Amino acid sequence: MPIYERGGAFQVSVGSGAARKRETTSTRAEAEALELALLAELRDEKLRRVAARAQGDPAKTVGHAVEAAIRDHWLDTKSRRTTELNVRDIAAILGWDRPLVSLMTSDVDDAVAELIERGITGSTINRKLSALSVSLRNARRKGWVKDLPDILRRKESECRIGWYTEETEK
């Protein structure tokens, strides 16, 4: 039993290590009630940690995922600069400090809507979404997040439209 009599008072000690909780009461009845309360607190904390682990690491952010993907996937590629610009742009819209476990499909849809408002074409939006997808899948591989948002791609145009002037036609 984790109740000890110490100098006319009763000390309650539950848990171990960093999770240890100790408190002192004046009567044994108070100590027994306190013991039950402290054990319930420890149980609740453990359940919260297990739930957080099931979701992923709540301390990891969109910024962490982007930086890890740059380091793990694009560091030595020919298209690093462009891909990095694309992923940083969409990460800025989503929020660098946003926890990964809170990222939802509607947040990605809102970011796409903002890109559309800027006049960004469907193909460029798709490149940004692709870079974000790689970042999020890399984060899932590392155990930082369990579920990923659905990322719908935009329709891309058939081809680039160009206009000839009379001068270029000659």
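1. How are helices α2 and α3 oriented to each other, roughly parallel or roughly antiparallel? In this predicted model, the axes of the two helices cross at roughly 170 degrees and come within 10 Å. Angles over 145 degrees count as roughly antiparallel, and α2 and α3 are therefore roughly antiparallel to each other.

2. The contact between this pair involves Val62, Val66, Glu67, Ile70 and Trp74 on the α2 side. Helix α3 contributes Arg80, Thr83, Glu84, Val87, Arg88 and Ala91. By class, the contact of α2 with α3 has six nonpolar, one polar and four charged residues.

3. Helix α2 covers residues 62-74. Its 13 residues should span 18 Å at 1.5 Å a residue, and the end C-alpha atoms lie 17 Å apart, which agrees. The buried residues of α2 are Val62, Gly63, Ala65, Val66, Ala68, Ala69, Ile70 and Trp74. These buried residues pack against α3 and α5.

4. The packing of α2 against α5 has another geometry. The axes of α2 and α5 are 8 Å apart, at an angle of about 95 degrees, which makes α2 roughly perpendicular to α5. From α2, the contact draws on Ala65, Val66, Ala68, Ala69, Asp72, His73 and Trp74. From α5, the residues are Ala131, Val134, Ser135, Asn138, Ala139 and Arg141. Eight residues of the contact of α2 with α5 are nonpolar, three are polar and two are charged.

5. Helix α3 (residues 80-94) also packs against helix α5 (residues 122-141), at an angle of about 80 degrees and with the axes 8 Å apart. Helix α3 is therefore roughly perpendicular to α5. The α3 side of the contact consists of Thr83, Asn86, Val87, Asp89, Ile90 and Leu94, and the α5 side of Arg127, Lys128, Leu129, Ala131, Leu132 and Ser135. The residues of the contact of α3 with α5 are six nonpolar, three polar and three charged.

6. Is threonine 83 buried or exposed? A residue counts as buried under 20% relative accessible area; threonine 83 has 14% and is therefore buried. Apart from its neighbours within four places in sequence, threonine 83 is in contact with Trp74 and Ala131.

7. Helix α5 has 20 residues. From its first C-alpha to its last, α5 reaches 28 Å, close to the 28 Å expected at 1.5 Å a residue. Just after this helix, glycine 143 takes a positive phi of about 85 degrees.

8. In soluble globular proteins, nonpolar side chains tend to be buried together. The largest nonpolar core here has 28 residues, and those with the most contacts inside it are Trp74, Leu100, Leu129 and Leu132. The elements giving two or more residues to this core are α2, α3, α4 (105-117) and α5.

9. Which residues does leucine 132 touch, not counting residues up to four places away in sequence? Leucine 132 touches Val87, Ile90, Leu94, Val108 and Ile151. A second, separate core has eight residues, including Ile3, Val12, Leu34 and Leu42.

Technical notes
Residues numbered from 1 in each chain as written. Predicted model: local features only at pLDDT ≥ 70, side-chain atom pairs only at ≥ 80, totals over all residues. Heavy atoms only, no water. Axes fitted to C-alpha atoms, helices over the stretch in contact; angles between N-to-C directions. Helix = DSSP H or I, 4+ residues; strand = E, 2+ residues; numbered from the N terminus. Parallel < 35°, antiparallel > 145°, perpendicular 65-115°, else oblique. Contact = heavy atoms within 4.5 Å. Nonpolar A, V, L, I, M, F, W, Y, C, P; charged D, E, K, R; others polar. Expected span 1.5 Å × (residues − 1). Buried < 20%, exposed > 50% of the residue type's maximum accessible area, 1.4 Å probe, protein only. Core = buried A, V, L, I, M, F, W, Y, C linked by side-chain atoms within 4.5 Å.
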